[in-house]
Protein chains: 2
Amino acid sequence: MSPPVKAVVYGVGAMGALLTRLLVEKGVEIVGAVARSPAKVGRDLGAVAGMDRSLGVLVTDDAEALLRDREADIAIVAVDSYLETMAPHFRICLSRGVNVLTLEEETFYPWRRAPAIAAELDDLGRSTGATLAASGVQDVNWSLAVSALMATAHRIERVRGRSTWHGDEFGPAVGRYLHLGWDPAQATASLAGQADGMTSQTALEALAAFAGLTPTHHEVSTELMIAEAELRSGRLDLNIPEGTVRGLSEVVRLATVEGIELELEMAGFVHGAGETPVNDWAIEGEPALRVQSEDFPGRLLTCTTLVNRIPDILAAPAGLITVDRLPLPRYRPGPLRN
Amino acid sequence: MSPPVKAVVYGVGAMGALLTRLLVEKGVEIVGAVARSPAKVGRDLGAVAGMDRSLGVLVTDDAEALLRDREADIAIVAVDSYLETMAPHFRICLSRGVNVLTLEEETFYPWRRAPAIAAELDDLGRSTGATLAASGVQDVNWSLAVSALMATAHRIERVRGRSTWHGDEFGPAVGRYLHLGWDPAQATASLAGQADGMTSQTALEALAAFAGLTPTHHEVSTELMIAEAELRSGRLDLNIPEGTVRGLSEVVRLATVEGIELELEMAGFVHGAGETPVNDWAIEGEPALRVQSEDFPGRLLTCTTLVNRIPDILAAPAGLITVDRLPLPRYRPGPLRN
């Protein structure tokens with residue numbers, strides 16, 4: 001029987017901690033872990049990830065030394081959200097021939113948003129035989145599942161998605177990004193030029209590639225979501241008074257040569273009583289079609305979907321591989337073997 | 001620009017009529033139509049299909065002559081539901097090198113239910129260069145979409161589907177099959193040995209193939225659905241008194257080597273006020289997952305999905321090709337060209 005997959009957990013924030021548990025439960029051998037925070041470096045990964053046992057892996061801040069010394073099949077990278085800021089981390093892995101699977105959203109389909117860095121990383125991976133790819137909730141729930149729904153339509157005018165997430169589930173950086181508790185006028189001024197619909201745009205571009213459509217241009221619009229009654233973010237220890245910002249709704253619209261409009265609204269906000277995250281897709285055309293998931297665990301699904309993708313990445317060609325060039329994603333019962 | 005796809009509509013019942021409209025709207029050139037009924041033979045296909053215009057194609061009952069004389073790229077076959085009774089029709093097409101795309105449910109994944117006929121038709125298609133394949137609602141809604149949902153799960157114990165359809169939407173043969181208006185005791189006696197869960201079983205076997213699971217055995221159970229108040233089937237001109245049969249619920253359970261149970265309930269019944277067909281899939285495991293479609297137009301989706309598959313079948317290898325060997329289904333804006 002082939003040996004277990006050997007992985008480095010590269011980034012041990014909220015997502016990296018969740019990934020660590022899933023990887024261990026899927027029989028992956030974790031051979032190293034990388035973090036920056038002095039509160040994490042030098043401690044056992046199991047403790048840092050909030051597990052109730054030691055994993056025999058000490059967190060390091062020296063990724064270069066770790067990847068030079070340890071034999072890893074793949075690095076699971078969850079550090080930041082932009083290809084530009086992630087590229088140095090990807091280079092460390094790829095230059096040593098270690099495959100990279102990341103949650104970073106732009107890497108999922110970077111050819112229009114960040115073509116120069118994408119091409120450089122593609123070349124680097126090809127030169128060392130390593131693959132770079134991204135997965136997450138966009139892999140299935142916003143691409144494959146939507147493309148599948150489209151394949152049942154006779155005539156499509158527009159595809160509209162709405163996916164919401166709880167702004168309380170993440171850390172202070174996300175809280176600042178959402179402008180939680182801000183005065184609306186000040187938040188509007190702060191937002192000018194900031195929000196760019198990245199996740200939605202890359203998801204829609206991947207969806208277009210899946211569905212055989214050719215994008216022409218896109219529009220992004222951002223709206224503040226205002227608290228109609230006082231809300232509380234427990235994790236951020238923050239009260240959000242009535243009339244202040246409780247989150248953001250970003251809508252990206254992608255036009256295509258084929259005349260079909262693709263639209264995705266991503267709304268992150270602190271939820272009130274009875275509100276749950278949803279993932280809801282509708283096709284306007286013949287027939288009108290709709291699939292809905294209430295109480296949608298998007299944050300968890302980003303991690304579970306990525307872990308199921310590991311065997312596909314290990315088998316993929318070298319270079320930057322976008323989702324339309326990967327095989328159909330599958331449930332992997334585990335243990336994951338090389 | 002390549003010429004339009006040339007198709008024969010083979011079977012002009014309720015489904016064939018619907019398919020005819022969709023094919024015409026997708027730019028397919030219909031070069032012939034086959035039916036048995038003297039009420040249809042000799043008339044223009046447009047009239048028989050309930051369209052408001054002539055299609056310049058006369059319905060014939062001589063399939064052999066039609067397929068000998070006309071150049072067709074593909075026959076769209078919607079006659080009956082079992083591979084054994086459909087095989088003579090498939091042979092007429094395949095022996096003349098004409099590709100076949102059918103709604104017939106067993107053809108979708110026949111290797112366990114009808115392996116001998118499947119192998120014979122596979123050989124015949126290979127010998128003439130023609131492809132035989134099936135599509136329908138099971139292609140996406142019960143296979144690909146479910147496999148995609150599974151690919152987002154960390155741990156799966158069971159996959160449960162429930163799909164319902166309106167027993168009033170079809171003809172008298174379906175009404176008899178559903179035992180509409182029968183006394184429950186007499187219906188139970190009549191059902192002994194009849195119902196076999198065919199559609200669910202083939203859908204689940206295709207799903208297993210998609211998801212990389214290995215089936216071991218299956219169970220079928222059938223339950224009568226009893227009217228709790230008098231119901232009316234307008235199309236069948238039939239009253240269904242309280243306490244009599246208003247439809248059937250068939251449940252197929254497929255066990256797998258991997259320990260995951262796949263279950264699909266298909267329920268066809270005359271609907272009461274406020275009831276609509278549903279397509280509802282749930283994954284029991286971590287996390288629990290569910291997708292729901294209410295007011296599910298399964299009959300229409302069977303036809304729209306099949307028409308979107310035409311380019312895949314024309315490009316497929318010769319022989320009997322099951323869905324796990326076809327590319328990802330796609331929305332086809334049309335016109336469909338060869």
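The model is a predicted one. Chain B can be laid on chain A with an RMSD of 0.0 Å, by a turn of 180° and a shift of 0.0 Å along the axis; the two copies are thus related as by a two-fold rotation axis. Of the interface residues of chain B, 97% are also interface residues in chain A, so the copies meet through the same surface.

**Where the chains meet**

- The contact between the chains brings together 31 residues of chain B and 31 residues of chain A.
- On the side of chain B that touches chain A, α6 (137–150), β14 (289–294) and α10 (298–308) each supply at least two residues, and α6(B) gives the most, with seven residues.
- By residue type, this side of chain B divides into 18 nonpolar, 10 polar and three charged residues.

**Helices α6 and α10 of chain B**

- The axes of α6(B) and α10(B), two helices that also supply residues to the side touching chain A, come within 7 Å and cross at roughly 105°.
- An angle of 65 to 115 degrees counts as roughly perpendicular, and α6(B) and α10(B) are therefore roughly perpendicular to each other.
- In this contact, Val137(B), Asp139(B), Val140(B) and Asn141(B) of α6(B) meet Gly298(B), Leu301(B), Thr302(B) and Thr305(B) of α10(B), and the residues involved divide into three nonpolar, four polar and one charged.
- Nine of the 11 residues of α10(B) are buried, so this helix is largely enclosed by the rest of the structure.
- The buried residues of α10(B) include Cys303(B), Thr304(B), Leu306(B), Val307(B) and Asn308(B), and the buried residues of this helix pack against α1 (14–25), β5 (99–102), α6, β7 (155–166), β13 (278–286) and α11 (310–315) of chain B.

**Helix α9 of chain B**

- At 1.5 Å a residue, the 14 residues of α9(B), residues 198–211, should span 20 Å, and the end C-alpha atoms of the helix are 20 Å apart, which agrees.
- Of the 14 residues of α9(B), 13 are buried, so α9(B) is largely enclosed by the rest of the structure.
- The residue that follows α9(B) is Gly212(B), which has a positive phi near 75°.

**Helices α4 and α5 of chain A**

- The axes of α4(A), residues 83–95, and α5(A), residues 115–128, come within 10 Å and cross at roughly 10°, which makes α4(A) roughly parallel to α5(A).
- From α4(A), the residues Leu83(A), Glu84(A), Ala87(A), Phe90(A), Arg91(A), Leu94(A) and Ser95(A) meet Ile117(A), Ala118(A), Leu121(A), Leu124(A), Gly125(A) and Thr128(A) of α5(A).
- The residues of this contact between α4(A) and α5(A) divide into eight nonpolar, three polar and two charged.

**Backbone features in the loops**

- In chain B, a cis peptide bond with omega of about -10° joins Glu286(B) and Pro287(B), and Pro287(B) lies in the loop between β13 and β14 of that chain.
- Another cis peptide bond, with omega of about -5°, joins Gly334(B) and Pro335(B), where Pro335(B) has its place in the segment after β15 (319–320) of chain B.
- In chain A, His179(A) has a phi near 60°, a positive value in a residue other than glycine, and is placed in the loop between α7 (172–177) and α8 (184–191).
- With 24 other C-beta atoms within 10 Å, His179(A) is buried.
- Asp295(A) has a phi near 55°, again a positive value in a residue other than glycine, and lies in the loop between β14 (289–294) and α10 (298–315) of chain A.
- Asp295(A) counts as exposed, with 11 C-beta neighbours inside 10 Å.

**Leu238 of chain B**

- Leu238(B) is found in strand β10 of chain B, residues 238–240, and is partly exposed, with 15 other C-beta atoms within 10 Å.
- Leaving aside residues up to four places away in sequence, Leu238(B) touches Gly175(B), Leu180(B), Gly181(B) and Ser233(B).
- Leu238(B) and Asp168(B) are 70 residues apart in sequence, while their C-alpha atoms are 9.7 Å apart in space.

Note on methods
Residues are numbered from 1 along each chain as its sequence is written. Chains are lettered from A and ligands numbered from 1 in the order in which they are written. This is a predicted model: local features need pLDDT of at least 70, side-chain atom pairs count only at pLDDT 80 or more; totals for chains, interfaces and linings use all residues. Copies are superposed by least squares on the C-alpha atoms of residues with pLDDT of at least 70 in both. Two residues are in contact if their C-beta atoms, placed from the backbone, lie within 7 Å. Helices (H or I, at least four residues) and strands (E, at least two) are DSSP runs, numbered from the N terminus. Ala, Val, Leu, Ile, Met, Phe, Trp, Tyr, Cys and Pro count as nonpolar, Asp, Glu, Lys and Arg as charged, and the others, Gly among them, as polar. The expected span of a helix is 1.5 Å times one less than its number of residues. A residue is buried if 20 or more other C-beta atoms lie within 10 Å of its own, exposed if 12 or fewer, and partly exposed in between; C-beta atoms are placed from the backbone. Axes are lines fitted to C-alpha atoms, for helices over the stretch in contact, and angles run from 0 to 180 degrees between N-to-C directions. Angles under 35 degrees count as roughly parallel, over 145 as roughly antiparallel, 65 to 115 as roughly perpendicular and the rest as oblique.
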